[in-house]
Amino acid sequence: MQKEQVNTDVAQIDEEKNNKVESDIEEVLLEPRFKYSRILNNIPGILRKDMATCMAMHHKFAAVGSRSGNVYIIDHFGSLHPENTARHHRCPVTKISIDPTGSYFVSCSQDARISIGGITSFELSQIIDLKLAARSVAIDPDFTKRSSGHMFITGERNLLLHQRTFFGNYREKILYEVKARPSHCWINNETLAVGWYDTVSICVIIGSSDSQVVSSTERKGVEVHYVWKCDMYIADISFTLSDDKSCFWKEITVFGMKKTTVENPTQDECEMILALLEPEDSNTFTLTTEDRIEMYTCDRGNLTLFHMSSLPYENVYFLLGCQEFIEAQPCSADDRVRWYLENDMLRDAMQYANEHKAQLEHLDPVDIGKRYLSSLTKQKRFAEAAASLKAVCGRQKDLWEYYVNEFEQNNVVLQLAKYLPVRDPQLEPECYQCVLIAALYNHPVLFYNLIKVWNPDLFRVGAITDMAMKRIVHENVNPLSENDAVAIYRSLARLYLYERKYNKALMLYIMLNDKTVFQVIEKYQLFDLVKNDLTKLMDIDTNLTIRLLIENAGSLPTKTILTQLAMYPKLQMAYLNSLFERNEGEEFVDFAIGLYAENEPRLLLPFLRKTAVYDIAKAIDICEKKQYINEMVYLLGRSGNRMKALDLLVNKLGRIDSAIDFCRENDDSDLWNSLVDAAVKRPDHIMELLNTAGKYVNPLNIIEKIPEQMNIPGLRNLLVKILRDYELLVQMQLGSLQVTEADSNRLFAKYLSNRKRSIFIDFDQYCIVCRIALLLQREKPTDCRHTNCDIIVYSCGHSVHIHCLYIPHSDEQRITENGRCPMCYGLHLYGNG
């Protein structure tokens, strides 16, 4: 196959043409989708002698019509098939149509003749003369089928259907009056794309919705879905297939001539355009590709000299001019990368090459990436270069180390900090160390983050530790900010952990008041190293320190811990509470009571209520010294000295309501009497006691003890209220009694009713004593003992022979005579064994 590459300009102005005026608006650079090559072999020789006028494509071959009336059958490589090539017309061929099987083609010409030519079959080959020359022809897809009628359509002034008759001639039928002949392309059986002048229309064939139309032929309608205006005159139109199954087509392929080219003709060459239009909405589109192709023409104003035919399923397009035949194939991965490189789009070239490594045949993605990185470093765009290293270097260790050295020489090695790989590949320690040293002197916070994130196996820990110490020592020469100094100290602490120098690491963490110290202690089990520095840990975080103490309770005695925390009583309380919650440290409860009394009096009473194991006498002594009356009342009540507790409530606190609650809790008559004796001394106490204690103390006892001369405001109203409450209580008791009696009577009546019901005895029922049937059938043998024997039926449903109730014991005889069921009362009777 011989092909010649065709130079194309893709949506850009040719600066070499001095006669063109530069546009003020920069054109958008569009990526090409096709590469173009002129088909050679026999084609150049044919077109030099006979100018091409039309063509038709089949997936196996092409048919090219010429000005002399010849139809040339060639393969896709440009080789002529002379056995199928002949002069079918006397004038230029205007249109060729090939049937899908590739057996026949139909051509038309200005000589008013239709030629049906055979390619693999010649049975239907025929020349047909028309009354009027046809400019367009289309063959029936079922042309080769015997029962199809071997039809084709022609068009000039009218759209005519030609159908073969029994005798081999063709009859015509007018289908439609034609006013124009636009270029069109069927996308599928219902959709076609139409190109006319500078307009593209996408139409869909639909069934008629007119239900009143009755015809043997189905009526069809057309819906126009898209109408686009283009900056070109359209010669031919096609489409590209969609990857999305919901839509058959993706883009419309348009072949034509730029309007500016027609308006400004020069020489014998013209600039043709192959464009791809992707729909946005019904009136707008996106121009995804616009390739400019230089083609020879003898008449720049005649678009009919240019043709395009396609094989959409193979994404291949063929362009025909007067003297050249061009094939447009999809760009390969190499072609696309070369185009990026030619247009200095190095980043896009690198990305595309990496994404399509398997499709590249001649180019190496690594070389393209190196070229891109070299361009960035020359422009001092080191941040972008660092971000692109992973895409370029991949897993190549040598390449990574080369660029680390390159960045170090340019004093920008810190740009690599977040991009250096830590595994697969793992670089030499020097690569990571150069980044750490640069961060240590220029960005200490980044230095700390790297030390924290990177595995210590990546670099030499000892060397970095020494460098960090030197940076601290020489701080006077190169002063550090507070944040930078803290970052370096934290880094040193972590480096010491990597070297297992735990004492130094803990010392630094404690010096920095860093809560990380608790994680370190827990992770490496280092409590023994800090058990003498509990106060320092308390200053960092109290809760975490207490938690640490509890988790390591066995490592240090509680007494020692409390001694170390002697200056922090509240911390002692927090520690002891944590022990008590775990049911530990009961021997320190009395000590805790003293701490609460001194430091948290409001929490003392809840602690006393919650804790059961403590010395009550010591607790009372502490509360008495502090004059904590409520606590003393509670403790005296627990110790059994309720009278003294009551005295404190009434006489010390004057809280008659609390005294009443205290008496209710203990429910002691002596305690109530003491309260009454104490309450009658004050009118307000009497009123409170009468108002709330009526359920526990007889109000008469209280009233009898009131001094005769005492004036008690509101006593009369209160007594009225007490009497009314008592009356309501009596009425409620009477009502309850009446309800109870009614229920009892109803239940008793129901019981009697059930007792009066008859009891059915059948032949299958047995005596509960002897286990013999109560009713004997005549045909069965009988037991002489029970012939004509009476039967007793109890209300419980059990039955027994009266002779079976012989009981020798007097107590059981009494039970039987009282009419009680021997089964239900568990008597040992004759016959039970």
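The confidence of the predictor in each residue is given by pLDDT, on a scale from 0 to 100. The structure described here is a predicted model, in which local features need a pLDDT of at least 70 and side-chain atom pairs count only at pLDDT 80 or more, while totals for chains, interfaces and linings use all residues. Residues are numbered from 1 along each chain as its sequence is written, and side-chain values use heavy atoms, with hydrogens and water left out.

The chain has a mean pLDDT of 81, and 79% of its residues reach 70 or more. Over residues 10–26 the pLDDT stays under 50, and the model has 20 contacts for this stretch beyond four places in sequence; contact here means heavy atoms within 4.5 Å. Residues 809–815 also have a pLDDT below 50, with 6 contacts in the model beyond near neighbours in sequence. Where pLDDT is low, the predicted coordinates should not be read in detail.

Next come the strands. Helices (H or I, at least four residues) and strands (E, at least two) are DSSP runs, numbered from the N terminus, and two strands pair if DSSP finds at least two bridges between them. An open sheet is formed by 4 strands in the order β4-β5-β6-β7, with antiparallel pairing. Its edge strands, each pairing on one side only, are β4 (52–57) and β7 (86–87). Strand β6 (residues 70–74) meets β7 through 2 bridges in the antiparallel sense, and Val71 stands opposite Ala86 in β7. Elsewhere, strand β20 (residues 232–241) runs antiparallel to strand β21 (residues 249–258), and 9 bridges join the two. Ile234 stands opposite Gly256 in β21. Strand β20 is mostly covered, with 9 of its 10 residues buried; buried means under 20% relative accessible area, exposed over 50%, and partly exposed in between (1.4 Å probe, protein chains only).

Ser115 is found in strand β10 (residues 113–118) and has a relative accessible area of 1%, so it is buried. Leaving out residues up to four places away in sequence, Ser115 touches His88, His89, Phe105, Val106, Ser107, Gln126 and Ile127. With His88 there is also a polar contact between the two side chains, at 2.8 Å. Such a contact is a pair of N or O atoms within 3.5 Å; within protein, one must be able to donate a hydrogen and the other to accept it, and residues adjacent in sequence count only if both atoms are side-chain atoms. Ser115 and Ile128 are 13 residues apart in sequence, and their C-alpha atoms are 6.3 Å apart in space. Ser388, in helix α6 (residues 382–393), counts as buried because its relative accessibility is 9%. A polar atom of the Ser388 side chain lies 3.0 Å from the backbone oxygen of Glu384. Beyond its neighbours within four places in sequence, Ser388 is in contact with Met350, Tyr372 and Leu373.

Helix α3 (residues 333–342) is mostly covered too, with 7 of its 10 residues buried. Among them are Trp339, Tyr340 and Leu341. Just after α3, Asp344 takes a positive phi of about 55°.

The aromatic rings come next. Rings of Phe, Tyr and Trp (its six-membered ring) pair if their centres lie within 6.5 Å; planes under 30 degrees apart count as stacked, over 60 as edge-to-face and the rest as tilted. The whole structure holds 17 aromatic pairs. One of them is the tilted pair of Tyr340 and Tyr352, 6.2 Å centre to centre with 55° between the planes. Because Tyr340 lies in helix α3 and Tyr352 in helix α4 (residues 346–355), this pair ties together parts that are 12 residues apart in sequence. Tyr340 is buried at 8% relative accessibility, and Tyr352 is buried at 10%. Phe382 and Phe407 form an edge-to-face pair, 6.0 Å centre to centre with 70° between the planes. Phe382 lies in helix α6 and Phe407 in helix α7 (residues 397–409), so the pair ties together parts that are 25 residues apart in sequence. Both Phe382 and Phe407 are buried. One aromatic cluster is made of Tyr226, Trp228, Trp249 and Phe285.

Finally, a nonpolar core is a set of buried Ala, Val, Leu, Ile, Met, Phe, Trp, Tyr and Cys residues joined through side-chain atoms within 4.5 Å. The largest has 103 residues, and Leu420, Trp454, Phe459, Val517 and Leu537 have the most contacts inside it. Helix α8 (residues 429–442) gives the most to this core, with 8 residues. A second, separate core of 21 residues includes Met272, Phe306, Cys322 and Ile326.
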